[in-house]
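I opened the model to look up a few points. My notes follow in the order in which I took them.

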Amino acid sequence: MAVALPLHPRGRRPRSPLTTRQQGYLLAAPALLIMIAIFVYPLAYSFVMSFFQWDLSARSTTFLGLANYADTLTSPSFDQSLRNQIIFSVVSLTTEVVAGMSIALLLNSKLRGLRIARTLLLIPPMIAPAVVGLNFRWLFNTQYGLFDALLRTAGLPPIPWLSDPNWALASVIIADVWQNTPLLVLLFLAGLQSVPQEPLEAAAVDGASAWRTFWEIILPLLRPVIFVALMLRIIDTFRTFDVVWLMTQGGPGGATTLITVNAYLLAFQSVDFGHAAAVSYIALIISLLLMGALYGVPRLWRTSAA
Amino acid sequence: MVARLSRRRILSGSTAAMVASGVAPRLTRAAGDVTEIRALLITGSAVYPKYWETLTQQFKAKTGITVSYDMLAFTPLTSKEVTLGAARSSQYDVYSTHTAQIGSFFNYFEPLNQYFSASELADFHPVAMKYLTDPKTGKLAAIPRNVDARVQYYRKDVYDAHHLQPAKTWDELVTVSQALTGDGHYGLVVPGQGDPAQRTFSDLLWQAGGDWVDDKNLPSFNSAEGIQALTYYRDLIHKYKVVPSDAVTYQWTENTSEFASGAVYDTFNWPSTYAILANPDTSKVVGKWATAPYVRNKTAISCAVSHAMALNSLSKKKDAALEFIKHVVSPDSQMLAFQQFTYFPSRQAVAKSVISSAQGQQAEWLGHLQTTIDNGKEWPKLPGFSKVCTLMYGAIERALSNQMSPADSLNQAAKEAHQAMQQAGAYN
């Protein structure tokens, strides 16, 4: 039989020499150390790299100051990738938000069969981007692809989806929209279902049209959800790589090279890690600025409303 | 019982077990005195895993050394090697590598000259050795496992039905391909994306009489010959329309599959294509094709490159790793690679033996291949040329997709190439 011994002669826990705050830090230390090892260290390492000529073929590295950043900002390939990135992000986000909201409104109604539709919507975001890229590469193939086969059946000329520079960027955007719109639908749908019924009923009693109800009541109430969705997707569009790489490898002629693809090409094909790191940090700064602006907008609204 | 199962005891017990599980295998290995090396090897077709398994088992039986290896396809393999090289990693002792990227690894791979006798090195094909050697130091960065060059594969049944002969010149290639294009079929297929596009342009550049750099190593690919080469390349797709319009998105896989599916009647392809086209599982045109020499213009030069084996300069098991490399490039292993993959041996003595024992279509093909290799060349291995290659992918694709004229595209690339090579110290 076990005998319970007192923890301390006086029946109290010994007083720790550490304050509560210090104890907290101590307990969090293992997790913080892991975070530093797997997140902060590589980030800091690549930041340092961006100031050096970090060439695999060279035995030593040379400090260049801001030269890699200056080279990047004046390079035609970075110009092109930044332009592509802006078009890709703006068109994808706009399409996804508009389509996502429309589908969410439809799914929020009481039509039959919508439960199946909601379930099906989970499929695209669950597919690996690499698989989406490969599938769309075949769907857009001019000779064997489904889309051009349908166009031919309809008596229309085939579209050079991936070989024409303008269509290639559009094709990549289509693949991205296909995969990510359902995610926004689900977010908006969750938002719509939490909209309080009272203002909607009051609007109905006052005879407000559906459009006015949406514009004046639903949309303002959904604003926080829309901001969260936009933030998630902005981060995502600046990280997009797999779909583009598998569909076009950034081609033809850089027509679909996004910033991530540019960084990859510099690091793994040019073997120029200094410039690749500089490109990555410029992309990070751009996305942080966008985030900051997005955070600032609601605050401005609140200030002006007050 | 309660005391025995206290939290402290459980925690200390499981910690001891974890430590023991980590340490025990090391002790066992040390006690067993088994030497093990690690290798990062190339794969790409269904037979590669079997090939490496055979070689590593043979090696273990011969030396008692276990080769623990990972396999990756060409592009991810290169990316991983670049990452490991940048991190100065000693994780792998042996690497599969290739002429195309060797310039990036001159300071990471151990020079191999000292480990092979002069007579042994002389047996390897000169073109393979030349482009695996650092031009600045004369050090051999890797030893070739096979030599890769391209020949013309054409649909003999279709050509015979049209009373056509395979093209020998650029002009004939257009005429013959035009005669065969139509009805959903194309006379020719060429790749137009990334490294394969650069290889194709490279062949055309040399055949037009141009070169990548001049005597002072300044970019010269935008010369009149370079512009002629890129214009011809673009015209095959857009002016003569004898190549599928999607070719600007094609790499070697698409190039081979277009011919193997029967959609296209002519292609310039690597030795492994021979095995793919002869296999009913991977080809719809078995028995319907033949080979011919690569086309020529002012010259008959085209790319000759090698898959090779390299030793990590940071390896702590260099002797064992070197033994494995020697085993992989041994005459017996090269013979096995030819039998399984139709890879052309890098040892001239083995190549001679393979050619002399071949018969019929295979003998004809090997003859064409030997000619291409004898005329073969590779782009220069100068500092910064890896970046020039990346620039060229974009430049060639821009011309092939009509975003820029060949002249403008090459001139812009030449300007950037000069800057990249200057920054990398090519002119120091």
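**Strand β4 of chain B**

I started with β4(B), which is joined by six bridges to strand β8 (residues 304-311) of chain B, the two running antiparallel. I note here that the model is a predicted one. For one position along this pairing, I looked up B:N146 and found B:H307 of β8(B) opposite.

I then looked for another partner and found strand β9 (residues 344-345) of chain B, which runs antiparallel to β4(B) and is joined to β4(B) by two bridges. In that pairing B:V147 has B:F344 of β9(B) opposite.

**An open sheet in chain B**

Next I looked at three strands of chain B that form an open sheet in the order β6-β5-β7, with antiparallel pairing. β6 (266-269) and β7 (289-292) of chain B are at the edges; each has a single partner strand, so one side of each has no neighbour in the sheet.

Strand β5 (residues 151-155) of chain B pairs with β7(B) in the antiparallel sense, over four bridges. I looked up B:Q152 and noted B:A292 in β7(B) as the bridge partner.

Which helix lies across β5 and β7 of chain B? I found α15 (residues 360-374) of chain B there, running at about 30° to β7(B).

I turned to helix packing. Two packed helices are described by the angle between their axes and the distance between the axes, so I wrote down both values for each pair.

For helix α3 (residues 76-107) and helix α12 (residues 259-269) of chain A, the axes come within 8 Å and cross at roughly 150°. That makes the two, α3(A) and α12(A), roughly antiparallel, because an angle over 145 degrees counts as such. On the α3(A) side I listed A:S77, A:F78, A:S81, A:L82 and A:Q85, which meet A:I259, A:V261 and A:N262 of α12(A). I sorted the residues of this contact by class and got four nonpolar, four polar and no charged.

For α3(A) and helix α10 (residues 210-237) of chain A, the axes come within 10 Å, with a crossing of roughly 145°. I recorded the crossing of α3(A) past α10(A) as right-handed. Here A:F88, A:S89, A:S92, A:L93 and A:E96 of α3(A) meet A:L230, A:R233, A:I234 and A:T237 of α10(A). The classes in this contact are four nonpolar, three polar and two charged residues.

**Between the chains**

I counted 28 residues of chain A in contact with 31 residues of chain B. Which element gives the most to the chain A side? I found α12(A), with three residues. That side of chain A has 11 nonpolar, 13 polar and four charged residues.

**One residue: A:A277**

Last, I looked up A:A277, which is in helix α13 (residues 273-305) of chain A. A:A277 has 25 C-beta neighbours inside 10 Å, so I marked this residue as buried. With neighbours within four places in sequence left aside, A:A277 is in contact with A:S46, A:M49 and A:S50. I also took the C-alpha to C-alpha distance from A:A277 to A:G155: they are 49 Å apart in space and 122 residues apart in sequence.

Technical notes: Residues are numbered from 1 along each chain as its sequence is written. Chains are lettered from A and ligands numbered from 1 in the order in which they are written. This is a predicted model: local features need pLDDT of at least 70, side-chain atom pairs count only at pLDDT 80 or more; totals for chains, interfaces and linings use all residues. Axes are lines fitted to C-alpha atoms, for helices over the stretch in contact, and angles run from 0 to 180 degrees between N-to-C directions. Angles under 35 degrees count as roughly parallel, over 145 as roughly antiparallel, 65 to 115 as roughly perpendicular and the rest as oblique. Two residues are in contact if their C-beta atoms, placed from the backbone, lie within 7 Å. Ala, Val, Leu, Ile, Met, Phe, Trp, Tyr, Cys and Pro count as nonpolar, Asp, Glu, Lys and Arg as charged, and the others, Gly among them, as polar. Two strands pair if DSSP finds at least two bridges between them. A crossing is left-handed if the near helix is turned anticlockwise from the far one by less than a right angle, and right-handed if clockwise. A residue is buried if 20 or more other C-beta atoms lie within 10 Å of its own, exposed if 12 or fewer, and partly exposed in between; C-beta atoms are placed from the backbone.
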